[in-house]
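Try each task before reading its solution.

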Amino acid sequence: MTLALALAVIVGLLVLGTPLIVAMAGGVAVYATVEGSWMLQYPQQVSDGMGSFVLLAMPLFILAGVVMNAGGIADRVFAFARSLFGSLPGGLAQVDVSTSLFFGGMVGTSVADLAGTGSTLIPQMKRHGYPAPYAAAVTASSSGIGPLIPPSSPMILYAAATGTSLGTLFFAGVVPGIILTVVLMVVVGVQAKRNGWGEKIRFSWAEVGRTLWSSAAAFGVPVIILLGLTLGVFTPTESGAFAVVYAIAVSAFAYRSLGIRKLYRCLVEAAVLTGEVMLIVGVSVALGAVLAMAGLPGALADLATAIVPGDTQLGYVVVLTLVAIVAGMLFDPLIPVIMPVLLPTMLQAGIDPVHFGVIIVMAVVIGQVTPPVAMSLVVAAKIAKVDAWQVLRANTPFLLATVLVLALVMLFPSLSTWLPAVLGEP
């Protein structure tokens with residue numbers, strides 16, 4: 001009963017527009033007050049939650065993403081994607097999806113991908129005759145590719161919450177990320193042909209070569225991370241430091257688009273974003289502890305056992321994924337809140353933590369385009385200057401496509417475990 005009251009407080013505060021961190025802290029405070037818990041344990045849990053060694057990579061990758069956004073790298077990536085995929089049915093919409101694969105793999109978060117590509121692509125799509133809600137929906141859904149491609153903030157949070165190797169998780173998301181890209185591009189192509197959307201962009205190998213040469217340095221960040229981890233040159237946290245140095249060097253010296261003043265603003269923005277994310281992570285850990293103390297993991301395990309026919313591992317995966325998707329509609333970041341609840345059942349069922357890491361990240365992606373929070377949809381709607389509910393309706397085919405890819409990953413674990421195994425990751 002107390003847990004229900006605490007969750008009701010959180011949902012009520014979110015509906016009223018209260019910041020997420022205030023809503024979660026309010027729920028924790030209500031639970032502690034009613035249950036008579038020792039109040040000092042919650043600040044300690046917040047501090048412990050932010051103190052994980054793996055989380056050291058978070059501010060580094062955030063800074064690298066901010067620098068690349070400010071350094072004009074997104075524009076060069078967009079030009080290359082346009083030359084490569086602009087001639088396909090759907091033109092700019094195809095470029096939108098493919099740019100999210102390239103650029104999202106550098107910044108690692110959906111919202112950062114939106115900020116980097118949405119402000120450029122959505123206005124262009126509107127000028128070329130695409131409905132504004134559709135332009136926003138394409139951008140919102142394709143931004144979900146970023147968290148699957150290293151570096152990935154949700155992967156970092158999952159590694160911190162479960163103790164799974166971050167390097168292995170980075171590699172595990174690559175194949176599902178590419179599959180999601182292809183599926184979304186197919187959806188765009190079908191819709192473009194059906195509705196007559198798109199513009200004629202002539203394909204030219206010369207233009208592909210020119211834009212690839214112009215943007216080659218921009219692709220160094222994911223290459224540095226993947227090669228460095230594969231060869232054992234550095235740890236995932238150290239790769240974040242290399243990414244920062246590389247992003248600054250490319251933006252300031254190769255592209256000459258980052259001066260001292262702009263770099264200072266990048267440092268301030270990254271510090272603010274890091275503070276916001278880390279504080280939310282800390283409070284999320286405290287909320288996760290509350291859910292665990294309330295017996296929710298045990299109740300979830302009993303529910304899964306009762307529902308799953310024949311005690312199959314796939315059945316447990318389905319149940320846990322559904323719980324994560326529902327929770328992802330409310331919480332962002334989801335992983336620090338939900339993993340303390342799901343982890344005991346996951347371990348009991350013998351589910352591969354690397355495989356489930358990709359699944360939980362996809363649940364995060366789905367939650368970011370599903371009400372009531374739907375952060376990616378809200379941001380895209382603001383850029384497109386259109387009502388978020390219109391974007392939600394336009395996004396339905398892309399949401400169904402994302403769910404389809406999630407189902408494939410659940411049914412075929414090798415989609416996420418094959419690449420780490422080939423590269424010899426533990």
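**Exercise 1. The overall fold**

How many helices and how many strands make up the secondary structure of the protein chain? Then judge its overall dimensions and packing.

*Solution.* Keep in mind that this is a predicted model.

- Step 1: Counting the elements gives 23 helices and zero strands.
- Step 2: For 426 residues, a compact globule would have a radius of gyration near 22 Å; the protein chain has 21 Å, so the two agree.
- Step 3: Along the principal axes, the C-alpha atoms fill a box of roughly 70 × 45 × 45 Å.
- Step 4: Buried residues make up 54% of the 426 in the protein chain.
- Step 5: Take the contacts with a separation of 6 or more: 78% of them join residues 24 or more positions apart.

**Exercise 2. Helix H15 against helix H18**

Describe how the axes of H15 and H18 cross, and list the residues that meet.

*Solution.* Two packed helices are described by the angle between their axes and the distance between the axes.

- Step 1: The axes of H15 (residues 260–293) and H18 (residues 335–348) come within 7 Å.
- Step 2: Their crossing angle is roughly 25°. Angles under 35 degrees count as roughly parallel, and H15 and H18 are therefore roughly parallel to each other.
- Step 3: The hand of this crossing is right-handed.
- Step 4: H15 contributes Val-281, Ser-284, Val-285, Leu-287, Gly-288 and Leu-291, which meet Pro-336, Val-337, Pro-340 and Val-341 of H18.
- Step 5: Sorted by class, the contact of H15 with H18 holds eight nonpolar, two polar and no charged residues.

**Exercise 3. Loop residues**

Locate Arg-256, Lys-385 and Ala-216, then look at their backbone or accessibility.

*Solution.* As background, most residues other than glycine have a negative phi.

- Step 1: Arg-256 lies in the loop between helix H14 (236–254) and H15. Its phi is positive, about 50°, although Arg-256 is not a glycine.
- Step 2: At 71% relative accessibility, Arg-256 counts as exposed.
- Step 3: Lys-385 is in the loop between helix H20 (375–384) and helix H21 (388–394). This non-glycine residue has a positive phi of about 55°.
- Step 4: Lys-385 is exposed, with a relative accessible area of 74%.
- Step 5: Ala-216 sits in the loop between helix H12 (205–215) and helix H13 (220–231). With a relative accessible area of 39%, Ala-216 is partly exposed.
- Step 6: The C-alpha atoms of Ala-216 and Lys-193 are separated by 32 Å, the two residues being 23 residues apart along the chain.

Notes
Residues numbered from 1 in each chain as written. Predicted model: local features only at pLDDT ≥ 70, side-chain atom pairs only at ≥ 80, totals over all residues. Heavy atoms only, no water. Helix = DSSP H or I, 4+ residues; strand = E, 2+ residues; numbered from the N terminus. Buried < 20%, exposed > 50% of the residue type's maximum accessible area, 1.4 Å probe, protein only. Axes fitted to C-alpha atoms, helices over the stretch in contact; angles between N-to-C directions. Parallel < 35°, antiparallel > 145°, perpendicular 65-115°, else oblique. Left-handed = near helix turned anticlockwise from the far one by under 90°. Contact = heavy atoms within 4.5 Å. Nonpolar A, V, L, I, M, F, W, Y, C, P; charged D, E, K, R; others polar. Rg over C-alpha atoms; globule rule 2.2 N^0.38 Å.
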